[in-house]
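Please look at the sequence and the 3D structure shown below. The questions that follow concern a pocket and a sheet.

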Amino acid sequence: SQAEVVEDLARAAESGLDLAALRRLWATGGPETLDPASPLRPLRDAEPFEALRRRVLRARRAGADLRVLLAGLGPVGRYMPRLDFAASFFTVAGLPVVGAEGHADPAALVAAAREAAAPVVVLVARDETYAEGGEAAARALKEALPTARLILAGRPDDEDLRRRLEAAGVELFLHRRSDLLQTLNGLADELGVEA
């Protein structure tokens with residue numbers, strides 16, 4: 001009966017049965033299909049980030065180049081919050097952030113990117129700047145550093161602009177709705193950081 005199943009569920013939960021097993025118990029209507037109880041392990045919110053930082057630190061100690069260049073286009077004062085956001089985003093994982101300077105035009109931006117030769121380049125500017133010259137800047141950066149991962153700080157609302165930026169070489173848009181942990185773990189994987 002349903003009352004017996006509910007009683008079995010209550011006893012199973014009290015004994016430390018995990019949620020997957022409780023679901024199986026409910027679905028099957030009986031405890032005979034269950035594995036022995038495996039108690040739930042508490043997980044602190046910071047644990048996945050700490051694991052990522054340890055992973056990155058090991059790779060850096062082994063000599064991996066994991067630098068992230070913040071390549072600003074235009075006067076820094078105009079997009080400082082976006083620059084701070086991008087810097088903080090990568091610092092969470094222990095990735096060294098370099099650059100964070102504004103460049104007057106795409107040529108100066110490319111010259112700085114070539115000099116830094118970082119494996120990750122983040123184009124940072126205002127949305128208006130992306131609309132006016134982001135595509136040319138992205139294309140120039142990708143041509144200068146074809147193996148670098150090109151990321152854009154922000155996510156333009158204009159779908160056509162986003163497609164053009166992607167066609168110019170932007171591989172990822174970094175914004176406040178980005179999944180921080182998933183993005184950083186994915187980037188670490190692409191940079192060859194071992195788990």
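Q: Which residues line the largest pocket?
A: This is a predicted model, in which local features need pLDDT of at least 70 and side-chain atom pairs count only at pLDDT 80 or more, while totals for chains, interfaces and linings use all residues. Residues are numbered from 1 along each chain as its sequence is written, and side-chain values use heavy atoms, with hydrogens and water left out. A pocket is an open set of points on a 1 Å grid over the protein atoms alone, where a 1.4 Å probe fits, with protein on both sides within 12 Å along at least five of seven lines, and a lining residue has an atom within 4 Å of a point. The lining consists of Pro-81, Arg-82, Phe-85, Asp-127, Ala-153, Gly-154, Arg-155, Asp-157, Leu-174, His-175, Arg-176 and Arg-177.

Q: Which helix gives the most to the lining of the largest pocket?
A: Helices (H or I, at least four residues) and strands (E, at least two) are DSSP runs, numbered from the N terminus. With three residues, the largest contribution to this lining comes from helix H4 (residues 80-91).

Q: What is the order of the five strands in the open sheet?
A: Two strands pair if DSSP finds at least two bridges between them, and E1 (residues 68-73) pairs with E3 (residues 120-124) in the parallel sense over five bridges. The open sheet has parallel pairing and the order E2-E1-E3-E4-E5.

Q: Why is one side of strand E2 and of strand E5 left without a neighbour in the sheet?
A: Strand E2 (97-103) and strand E5 (172-174) each have a single partner strand, so one side of each lacks a neighbour, because both stand at the edges.
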